[in-house]
Amino acid sequence: MLSQNFTYADVKKETSRLFSLDAERGYDVVINSTGLAGAFMALSASQKGLRVLLVDRRTSVGWEMVERFNLSLDKNGFENWGDDMKKIFFPDDEKLDIDNKNLTGECNSELGDKVVFLGGSINKSLSRSLVMNGVDVLFMADVFGVFKDDNNAVSGVAIATKQGAIAVKCASFVDCGNVNIFTRNITKSNFEIVKSTFTLRFWNAKKCPENFAINLNSKKINAKFAFAKTREDCAYLTFEVPCKSSDFSAIERSARLCATEILENKKSLPKGLHNIFRTAFARECLYFVNGELKKVDIKNYFVFENPAEINSCDDVFKLYTKSVKFGKALESGKARESIKFVSANGEALAQKFGERIVEDGFATPFYRFDLSNVKAEKIACDVLVAGVGSAGVFALKSATERGANALGVECFHDYGGTKVNGGVIGYYCNVKTHPLIIESTAQSKKTNAIGVSGGTIYSVINLKLLEKSKIITGAILCGASVENGKLVGAYFTKDSKLYFVESKVAIDCTGDADLSAFAGVPFAQGENRSGISINFSKWEIQSISAKTAERRLISKDFGIVDITKITDFQRAMILAHYQSSYYDSYPQLTPRDTRRPLGVKTLELAEALEGKPSADIIAQAFSDYDPHSVPMSKFARTAMMLPHFPHYYAVNIPFGCVVPKNLNGLLFGGRSISVSHDVLQFTRMSGDVATLGEVEGRIASDFAKCGGNLADFDVSKIVEESTKLGYYTDDYLKRTNLATTEIIERLARGDSDVLIWACLKPKAEILPMLRESFKKVRTLQTAYALSWFGDNSGEKVILRELKNNLSQEEKEPQSADYLELYWRGNLKSPYWNINRALAFLAMSGSEKSDKVVAEILSKTTSGGKLVRSKDNVYTANRIDLVLLPNHNRIVNLCFYAERRPSIKFAKGFERLLDDSNIACNSTRKYSEGRFNMNTGLLEMLVASASARCGSPKGASVLVHYLGDYQANFRAFAHQELCDIYKQDFSFDALKWQSVAKEKSGVVANPLSEKFR
């Protein structure tokens, strides 16, 4: 029944395009749960011809086994498994992650009377099978209501997503979620959690009893031991969690506290477990509930009850057989207009399906859903912390310690966000000197001593830091309410139920400014011109028994994702599953930037680097400049600020950067604060957002007591406290910057180190002095500075430098395997000297350079195929370091033509568009998108430069990108066409092709000032 499991070579053969069905008709069926039952059911229904949508608040498929580490089952019933099941559960490629000599049996997956599995294999195989069979999947999405028509039949569902609340049309609905909590909620079916279990995975285990008791808090709890598949000493420990309530968040927290206590007292375990290490936590508990499940009186509403526990291969086979039969029995149908909305909070008149969601020209089958007309269960607090990641942990801790009634809302059950659930666990640069980070580092060493590693270290640390804090986990934030210019609260779903938390002040620590966006705060995204954000990574939990260096790689870069778009976010989730480890993977995407909300103040590069003192500096950031993508700014193209720019001072963050302009009651937290794209690279690292979060917790707590307008809040007492605590560097208020006169003198001596400081100065102040200095001494550095400000006085000097370096490069041409590492040593090469000169000439405002630039363009090619590092697996898979040999040369030629378009450049750019290493990098397939990030952007830049110079070929390439799968690429192509032709035909490819043909041979307008 299921498609053959994929190998890496198969990825580009995928043809499915998700979310492209007829929206008016909607889905035949929406299935609530990406568990085994939901996946098998969806596959059988899809193969019958039905259009199916799978929805789950989790981030993986087959979560009953994958997220709970339920990966060792009794062998009975295994003989009934057919080839289709075995291909899903035992893909051939997983053997590269296994080094267990004790494995036997047909699939080499038997250990005595057990069959063992790898969680990543199940997740990857089922994910790909769903995509190949045309099933749409929404991860991190929670069904919280169902629509019904005038015939009392299902007509749609309401879903909470990271991008907001949406409605989906469907003709039938199946609830097969965890303990059927959605159905229990809407039918008011009382239930009690009678038992819960939690699982640890670890290494260095030796043989011990399968069942034993653990003394925990003077109480004995039952535990079960099982060896794992990866190698002989990898094993699982499953134990009962004391259940003192029916609050899932409380039980998940209790499970982790119990796990920590067990690890701190390993000597009380059986002898074979005394030296276990590299321990990891399961992502959720297993629950056993009592209570009648009432029937739902709505036609085409179906309930599939999952077994509470999967203990054997026979359990899986029965679940497979039952769910496949259930899926085959589902019927197609057309959703009718809704008249009622049913949810856990009662029945209310439902609005009609709202506006259809269109994302950069791609019409989705989703509709906007207005939460204001829906009942929600209310919660009140002083301080709401949205997102309990690196920033949220410390914000919640400091607000609670200061006496505020603070509440944290988090989608995962482990606190720590990207560090814990995305695996990005390192601190960077001098942030290690901050007292908070020193303390955290000491705690991590202590925690590591009990045998945990990776993100689990910070899960344990954060659990203890927030021991007294109130936190709701497993929640999907999906909306906000604003009254009279003040944020009064936020909506979220928890266990398929809608809640509204009313707060005096909220701190948006989501990392993606989700709450701010829901509240209507304007925001910027990505680099100024392209709008493209820094790429995202999928950090992996690697098996130490992986047989090659590539399999042990801790991180893979996958491409770009606009996390604000539903389609892009889900594409990235699927792609991450496709290419994650068979052993396991972290559940969270780790994008490096998304929204940058606009505050009272936006910190620009000049002020950030100069570090001007101010009384309202609430925090500092110490990270180096690490854009983790090919930088596009003028500073990058002139080679003044490429990774890793050696900036040795702290970046001061003023209070105005965390306060919205026209909205009261909200603070920006985490990496999503009001800074420019260039400044973001200095402020987004985990240590910096943690220290900012701590300060914001104190600010929020104090503000909640006094009220008023948050933008007017006096932070002087907070600053005074932070100073006493040693949170600022010594140069916080006394840093002195270079005087303009000194910069001029050093440029005249040929000092290139001060060039960036010259370019950061106000034009009116420095340009007259540069002109006067250049009359006396004609140095290259002064000529560069003049060009930066649009003065071509130094053009001859720059052209002379350019020609000298061209001669050097001709004698010693760059090799086809040139690897651009972006370390500053590269910038002394003729290659980068030429690139730099091209950029400065582009800014000088003269046509005298066109001839030599055209000649360079005529000789430039891609230089060969993408070049990867041969010595380091990590850099070989890092997107910003895997480039075509001449990538930056081509970008700088485009930089010139964008500012000085000429028909004489058209053919040169057309030739580059025919280069096989540059052409055809648009993605049309759901499973693509990995290393095409830079080459795709490069192709569009060449196409744009070509079109600006009058070439219809370049315009045709841009029109093709209007249909790209990546939202950023579609948006960039559309923007470029609008800017070139000064018209807007939206995403209508035919109209754009027509206007491009009409303008053929006509030199188009240069790049608009706002994008320069």
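1. Phe-536 stands opposite Gly-559, a residue of strand S29. Two strands count as paired if DSSP finds at least two bridges between them. Strands themselves are DSSP runs of E with at least two residues, and helices are runs of H or I with at least four; both are numbered from the N terminus.

2. A word on the basis. This is a predicted model, in which local features need pLDDT of at least 70 and side-chain atom pairs count only at pLDDT 80 or more, while totals for chains, interfaces and linings use all residues. Residues are numbered from 1 along each chain as its sequence is written, and side-chain values use heavy atoms, with hydrogens and water left out.

3. Back to the sheet. S28 sits in an open sheet of 3 strands, in the order S29-S28-S30, with antiparallel pairing. Strand S29 (555–559) and strand S30 (590–591) are the edges; each has a single partner strand, so one side of each has no neighbour in the sheet. Strands of a sheet pair through backbone hydrogen bonds, either parallel or antiparallel.

4. The whole chain. The protein chain holds 32 helices and 34 strands. Its radius of gyration is 29 Å, close to the 31 Å from the globule rule for 1012 residues, so the chain is as compact as a globular protein of that length. That radius is taken over C-alpha atoms, and the rule is 2.2 Å times the number of residues to the power 0.38. Along the principal axes, the C-alpha atoms fill a box of roughly 90 × 65 × 60 Å.

5. A second open sheet. Here 3 strands follow the order S3-S5-S4, with antiparallel pairing. Strand S3 (72–74) and strand S4 (110–111) stand at the edges with a single partner strand each, so one side of each lacks a neighbour in the sheet. S4 and strand S5 (residues 114–116) pair in the antiparallel sense over 2 bridges. Glu-110 has Val-115 in S5 as its bridge partner.

6. Strand S11 (residues 211–216) and strand S12 (residues 219–227) run antiparallel and are joined by 6 bridges. Ala-213 stands opposite Asn-222 in S12. The hairpin of S11 and S12 has 2 residues between the strands, and Asn-217 takes a positive phi near 50° there. S12 also pairs with strand S13 (residues 235–241), in the antiparallel sense, over 5 bridges. In that pairing, Lys-224 faces Thr-238 of S13.

7. Neighbours within four places in sequence aside, Ala-480 is in contact (heavy atoms within 4.5 Å) with Leu-487, Gly-489, Ala-490, Tyr-491, Leu-515, Phe-518 and Ala-519. Asp-92 is 388 residues away along the chain, and the two C-alpha atoms are separated by 47 Å.

8. Helices H22 and H24. Two packed helices are described by the angle between their axes and the distance between the axes. Helix H22 (residues 780–788) packs on helix H24 (residues 830–844) at about 45°, with the axes 7 Å apart. H22 is therefore oblique to H24. Tyr-784, Ser-787 and Trp-788 of H22 make the contact with Asn-833, Arg-836, Ala-837, Phe-840, Met-843 and Ser-844 of H24. By class there are 5 nonpolar, 3 polar and 1 charged residues. Axes are lines fitted to C-alpha atoms, for helices over the stretch in contact, and angles run from 0 to 180 degrees between N-to-C directions. Under 35 degrees counts as roughly parallel, over 145 as roughly antiparallel, 65 to 115 as roughly perpendicular, and the rest as oblique. Ala, Val, Leu, Ile, Met, Phe, Trp, Tyr, Cys and Pro count as nonpolar, Asp, Glu, Lys and Arg as charged, and the others, Gly among them, as polar.

9. Helices H28 and H29. The axes of helix H28 (residues 906–913) and helix H29 (residues 932–948) come within 9 Å and cross at roughly 155°. So H28 is roughly antiparallel to H29. Their contact has 7 nonpolar, 1 polar and 2 charged residues. Ala-906, Phe-909, Glu-910, Leu-912 and Leu-913 of H28 meet Glu-939, Val-942, Ala-943, Ala-945 and Ser-946 of H29.

10. Helices H30 and H32. Helix H30 (residues 952–961) and helix H32 (residues 989–998) pack at about 170°, with axes 9 Å apart. They are therefore roughly antiparallel to each other. Pro-952, Ala-955, Ser-956 and Val-959 of H30 contact Ala-989, Trp-992, Gln-993 and Ala-996 of H32. The contact divides into 6 nonpolar, 2 polar and no charged residues.
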